[in-house]
Amino acid sequence: MLGNLYDRALGGERCWIRRDDGEVRALPVHRWLGGVHADGRFDRAVVEMCEGPTIDLGCGPGRLVIELIRRGVPALGVDQSATAVGLARRNGAPVLCRDLFGQLPATGRWHTVLLADGNVGLGGDPWRVLHRAAELLRHGGRCVAEFETLTRGIRSRWVRLESSRTVGPWFPWASVGIDCAAEVAEHAGLALTRIHPVGDRVVASLTRA
């Protein structure tokens with residue numbers, strides 16, 4: 001859905017994301033790639049919340065999968081970008097190039113589903129994303145999901161990627177505030193059990209009953 005510009009951004013081209021209301025933000029590719037530019041505090045905190053076999057949905061270049069494997073946690077990443085998957089695999093991360101809504105291994109048996117970097121808003125439909133997380137989890141498993149600290153409620157909008165050379169197509173995305181985490185989780189059959197502030201970011205633990 002993000003198309004060629006996302007792949008080029010992973011390769012070093014400077015890109016940004018534009019919302020349909022005109023707001024423009026830099027695409028934080030350096031943070032997704034990990035290494036010295038990563039948000040180390042956030043990454044460590046999220047990884048520590050993952051218990052048992054973990055699947056990272058929208059894993060990108062796989063930095064969190066790599067860290068989980070290093071800690072001895074069985075982990076698998078899923079991403080639709082062949083470029084991101086290639087980067088992850090070259091760094092030793094087991095990652096599948098698939099749609100997270102398609103067929104995935106061990107459905108209903110994962111201990112943890114990870115949704116970092118705003119991925120709860122994929123496709124502009126956090127209800128569908130969290131419902132998918134619930135399907136993948138075993139009973140008693142939990143979804144570790146990042147929410148927004150500044151957004152109130154759910155704000156679905158159209159966004160697109162741009163660079164100095166190319167303008168990408170519009171696609172739907174949602175910003176999901178932590179204030180509505182319990183409500184949207186309940187809709188998906190999950191229960192909010194804990195909120196974890198990490199610096200200026202926030203993660204919620206959502207348990208499958």
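Me: How many salt bridges does the structure hold?
Reply: Happy to start there, with the reminder that this is a predicted model. A pair counts when a side-chain nitrogen of Lys or Arg lies within 4 Å of a carboxyl oxygen of Asp or Glu. By that rule, the structure holds 17 salt bridges.

Me: Which parts of the chain does the pair of R71 and E48 link?
Reply: The side chains of R71 and E48 meet in a salt bridge, at 4.0 Å from N to O. R71 is partly exposed at 40% relative accessibility, while E48 is exposed at 55%. The two residues are 23 residues apart, so the pair links distant parts of the chain: the loop between α4 and β4, and helix α3.

Me: What is the relative accessibility of E162, which meets R160 in a salt bridge?
Reply: The side chains of R160 and E162 come to 2.7 Å, N to O. Buried means under 20% relative accessible area, and E162 counts as buried because its relative accessibility is 5%.

Me: Where is D117 found, and is it buried or exposed?
Reply: D117 is worth a look for its backbone too: its phi is near 55°, a positive value in a residue other than glycine. D117 sits in the loop between β6 and α6. Its relative accessibility is 18%, so D117 counts as buried.

Me: In which loop is A106 found?
Reply: A106 is not a glycine, yet has a positive phi of about 60°. Its relative accessible area is 24%, which means that A106 is partly exposed. Its place in the chain is the loop between β5 (95-97) and β6.

Me: Which element gives the most to the lining of the second largest pocket?
Reply: About 350 Å³ of space lies in this pocket. The elements that give two or more residues to its lining are α3 (40-49) and α4 (63-70). The lining has 15 residues, with G34, G35, R63, E67 and R70 nearest the centre of the pocket. With five residues, the element that gives the most is α4.

Me: Which element gives the largest share of the largest nonpolar core?
Reply: This core has 33 residues, and I55, L57, L130, C143, F147, L190 and L206 touch the most other members. Elements that give two or more residues include β3 (54-57), β7 (137-147) and β11 (201-208). The largest share, five residues, comes from α6.

Me: Which residues are in contact with L206, leaving aside its neighbours within four places in sequence?
Reply: L206 is one of the residues that touch the most other members of the largest nonpolar core. With those sequence neighbours left aside, the contacts of L206 are L130, G141, R142, C143, A145, F147, A185, L190, A191, L192 and T193.

Methods
Residues numbered from 1 in each chain as written. Predicted model: local features only at pLDDT ≥ 70, side-chain atom pairs only at ≥ 80, totals over all residues. Heavy atoms only, no water. 1 Å grid on protein atoms, 1.4 Å probe; cavity = no way out; pocket = protein on both sides within 12 Å on 5 of 7 lines; lining within 4 Å. Points joined across faces, edges and corners; volume = space filled by probe spheres on them. Helix = DSSP H or I, 4+ residues; strand = E, 2+ residues; numbered from the N terminus. Core = buried A, V, L, I, M, F, W, Y, C linked by side-chain atoms within 4.5 Å. Buried < 20%, exposed > 50% of the residue type's maximum accessible area, 1.4 Å probe, protein only. Contact = heavy atoms within 4.5 Å.
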